[in-house]
Amino acid sequence: MTSDEQTMLPLTVQVFPPPTVDSRARAAGWKRNRFKEHPVSDAPMSRTSAATVPFGAQNHAEPPEPLRSFVEWFYEQREVRERFRWALRDSLDELLDGQRTGRWCYQHLSKTEKTYLGTAVEVNLTKEFEIESGLDLDWSIAGADIDCKFSRDLGGWEIPMEMYRCADHGDRSGKADHVALLTWFNDDQGEWAAGLIQITDENLRWNRSGTGRAYNRDNKRKLSAAALRDIYWLWGGVQDDLPTNLLLHLPDQQRSRILRGSSGQRRVNQLFREVRGRVINRHTVLTVAQQDDSPKRARDARIHLRPEGIVVLGHQDTHPQIAERLGLTAPIKGEWISARLVPVDHLDERPKVWLECEWWAVARADDPVVPAPEIKGRTLPPPPS
């Protein structure tokens, strides 16, 4: 047999019989619905706070000229502050991936995931505000390059060489002293901040003797203590309204009662029993249920909890109207709110709604438990005249 004939021999292909059960379903079944209750951590997310960092005035009367166009660009964006803080919230929630992992706080992340949080913040802000790519840096805003930096420690931002001019850096030197958007949040305290500063060789850290630059292993440097006072803070400084991580901020015993349920449905039922009168978002339901069809668990909770007098209101049909008439926050898409109801007299001073030929109000602790009304239809029945 010649070498040419050998090369023309057909390959042997091993054919496996088709599986009786879809292999993807088998793999998913192995990973899904195996809930893990994660421990409470004593370690804080952030090692610094606004009280320990030497910041200057919380706001300047006018931004310095190098920052002016960037400040104006941010303030011109619609609902910019709300969108900004929710982009920070979403960045951590995406990494926690509660639906698949059951994790509910930053401390549950692996070391690698914690390192990636800054990238997630940049990616989410890029998408949220449709920020264009820069020539030399990641972003271009108002026609100029700018970079986004995140640190879980307030004041801990690490600045690479390409962000500022330095003759000693040779080809690695930046082409200009660029502006940085500095971002930070601490989920433990519900705080967040965003500020702007122009990076220069002089306002970065030098070693204690002042004779050399204080690089880390990646040749990055942090802002000097003096430079921290020059940050122009968007919205006036540290903010205290990072969207709430509900599971993190529940009392430990209450959270444990919710998460100890043996099934996703039981855990979601307990969530709506324990947390009444507060908006519960989609991420929380996904984390508690840890199932592909987690939102259905919220809908089914209405059936399970109705005998206990508890209604679970969502964003559809008459639910937002009922919530408002009961004095509750009306849920939007991806949110729910639960409450225990009791029938009341028409003279009762509490906010109330007319359902099933009765007035209903949010129950007090000493009110008897009665089955909740069944909520049907797309319009509320007219109350008696």
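**Figure 1. Surroundings of Leu181 in the predicted model.** Setting aside neighbours within four places in sequence, Leu181 is in contact with Phe74, Phe84, Leu125, Trp139, Ile146, Asp147, Cys148, Lys149, Ala194, Gly195, Leu196 and Leu234. Leu181 also belongs to the largest nonpolar core, which has 35 residues. Within this core, the residues with the most contacts are Phe84, Leu117, Leu125, Leu181, Phe185 and Leu196. Two or more core residues are contributed by each of helix H3 (65–76), helix H4 (80–96), H6, S1, S2, S4 and strand S5 (191–198). H4 supplies the largest share, seven residues. Another core, of 22 residues, lies apart from this one and includes Leu248, Leu250, Ile280 and Val312.

**Figure 2. Pairing of strand S2 with strands S1 and S4.** Strand S2 spans residues 144–150 and is mostly covered, with six of its seven residues buried. Strand S1 (residues 139–141) pairs with S2 in the antiparallel sense over three bridges. In this pairing, Ile141 stands opposite Ala144 of S2. The two strands form a hairpin with two residues between them, and Ala142 in the turn has a positive phi of about 55°. S2 is also joined to strand S4 (residues 179–186), by five bridges, and here the strands run parallel. The bridge partner of Ile146 in S4 is Val179. In a regular strand, side chains alternate between the two faces of the sheet.

**Figure 3. Cys148 in strand S2.** Cys148 counts as buried because its relative accessibility is 6%, under the 20% limit. Leaving aside neighbours within four places in sequence, Cys148 is in contact with Glu122, Leu125, Trp139, Leu181 and Thr183. The C-alpha atoms of Cys148 and Glu122 are separated by 6.2 Å, although these residues are 26 residues apart along the chain.

**Figure 4. Loop residue His108 and its contacts.** His108 is found in the loop between helix H5 (98–101) and helix H6 (111–129). With a relative accessible area of 14%, His108 is buried. A polar atom of the His108 side chain lies 2.8 Å from the backbone oxygen of Pro39. Not counting residues up to four places away in sequence, His108 touches His38, Pro39 and Arg103.

**Figure 5. Polar contacts of Arg213 with two aspartates.** Arg213 has its place in the loop between S5 and strand S6 (221–222). The Arg213 side chain makes a polar contact with the side chain of Asp168 at 3.1 Å and another with the side chain of Asp201 at 2.9 Å. Arg213 and Asp201 are twelve residues apart along the chain, and their C-alpha atoms are separated by 8.8 Å. Beyond neighbours within four places in sequence, the contacts of Arg213 are Cys166, Asp168, His169, Asp201, Arg205, Trp206, Asn207 and Arg221.

**Figure 6. Contact between helices H9 and H10.** Two packed helices are described by the angle between their axes and the distance between the axes. The axes of helix H9 (residues 252–259) and helix H10 (residues 264–274) come within 7 Å and cross at roughly 145°. On the H9 side, Gln254, Arg257, Ile258 and Leu259 meet Arg267, Gln270, Leu271 and Glu274 of H10. Grouped by class, this contact has three nonpolar, two polar and three charged residues.

Technical notes:
Residues are numbered from 1 along each chain as its sequence is written. This is a predicted model: local features need pLDDT of at least 70, side-chain atom pairs count only at pLDDT 80 or more; totals for chains, interfaces and linings use all residues. Side-chain values use heavy atoms; hydrogens and water are left out. Helices (H or I, at least four residues) and strands (E, at least two) are DSSP runs, numbered from the N terminus. Buried means under 20% relative accessible area, exposed over 50%, partly exposed in between (1.4 Å probe, protein chains only). A polar contact is a pair of N or O atoms within 3.5 Å; within protein, one must be able to donate a hydrogen and the other to accept it, and residues adjacent in sequence count only if both atoms are side-chain atoms. Contact means heavy atoms within 4.5 Å. Two strands pair if DSSP finds at least two bridges between them. Axes are lines fitted to C-alpha atoms, for helices over the stretch in contact, and angles run from 0 to 180 degrees between N-to-C directions. Ala, Val, Leu, Ile, Met, Phe, Trp, Tyr, Cys and Pro count as nonpolar, Asp, Glu, Lys and Arg as charged, and the others, Gly among them, as polar. A nonpolar core is a set of buried Ala, Val, Leu, Ile, Met, Phe, Trp, Tyr and Cys residues joined through side-chain atoms within 4.5 Å.
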